[in-house]
Amino acid sequence: MTPERGDDTAPPSVGDEWRLRFATNEAAKGWGELGAEAPGNTRRCFEALRSDPESRADPDRQHRLRGRLASGNLGGREYPQWEYEVTAGGRVRYLVDEARRTVHLVYASTRHPKDTE
């Protein structure tokens, strides 16, 4: 997604921080909606993914998905898929590319994804 005039900017990653990228237009739109609905929680999610996207410190909030959702495909490559609970219903799903220290946001929404119901 190419930034346009009027778009928000994200600070560049520095040091050991991970790079965050939107893998889909829907994830970019959903991220904006999450930020509008729960700015504090969305910022905490951003900071958590930047610092340690594979953290197991709070498994109720951030965890690797299991079963058929344990991995996701992006550009013909398979990556581990994780989820971060931003609000009671809001979720961010992301793929972790360890080699490039990049987190690819594949889903962001104020609503819980239907595939886990």
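View 1. Cys-45 is buried, with a relative accessible area of 0% (buried means under 20% relative accessible area, exposed over 50%, and partly exposed in between, using a 1.4 Å probe and protein chains only). This is a predicted model, where local features need pLDDT of at least 70, side-chain atom pairs count only at pLDDT 80 or more, and totals for chains, interfaces and linings use all residues. Residues are numbered from 1 along each chain as its sequence is written, and side-chain values use heavy atoms, with hydrogens and water left out. You'll find Cys-45 in helix H2 (helices are DSSP runs of H or I with at least four residues, strands are runs of E with at least two, and both are numbered from the N terminus). Leaving out residues up to four places away in sequence, Cys-45 touches Trp-31, Tyr-84, Val-86 and Val-92 (contact means heavy atoms within 4.5 Å). Cys-45 and Glu-85 sit 40 residues apart in sequence, yet their C-alpha atoms are 8.2 Å apart in space.

**View 2. Helix H2 and its buried residues.** With 13 residues, H2 reaches 18 Å from its first C-alpha to its last, close to the 18 Å expected at 1.5 Å a residue (the expected span is 1.5 Å times one less than the number of residues). Which residues of H2 are buried? They are Thr-42, Cys-45, Phe-46, Ala-48, Leu-49 and Arg-50. These buried residues pack against strand E1 (19-22), H1, strand E2 (62-64), E4, E5 and E6.

**View 3. The largest nonpolar core.** This core has 18 residues, and Leu-49, Val-92, Tyr-94 and Leu-105 are those with the most contacts inside it (a nonpolar core is a set of buried Ala, Val, Leu, Ile, Met, Phe, Trp, Tyr and Cys residues joined through side-chain atoms within 4.5 Å). H2 gives the largest share, four residues. Now look at Tyr-94: ignoring neighbours within four places in sequence, its contacts include Leu-49, Pro-53, Trp-82 and Leu-105.

**View 4. Strands around E4.** E2 and E4 pair in the antiparallel sense over three bridges (two strands pair if DSSP finds at least two bridges between them), and here Gln-62 stands opposite Tyr-84. Strand E3 (residues 71-74) also runs antiparallel to E4, joined by four bridges, with Gly-72 opposite Tyr-79. The hairpin of E3 and E4 has two residues between the strands, and Gly-75 takes a positive phi near 60° there. E4 and E5 run antiparallel too, with five bridges and a hairpin of five residues joining them. In this pair, Glu-83 faces Arg-93.

View 5. A polar atom of its side chain lies 3.3 Å from the backbone nitrogen of Ala-99.

**View 6. Arg-101 and its positive phi.** Most residues other than glycine have a negative phi. Arg-101 isn't a glycine, but it has a positive phi of about 50°. Where does Arg-101 lie? Look in the loop between strand E5 (91-97) and strand E6 (102-109). Arg-101 is partly exposed, with a relative accessible area of 35%.

Conventions
Polar contact = N/O pair within 3.5 Å; in protein donor to acceptor, adjacent residues only side chain to side chain.
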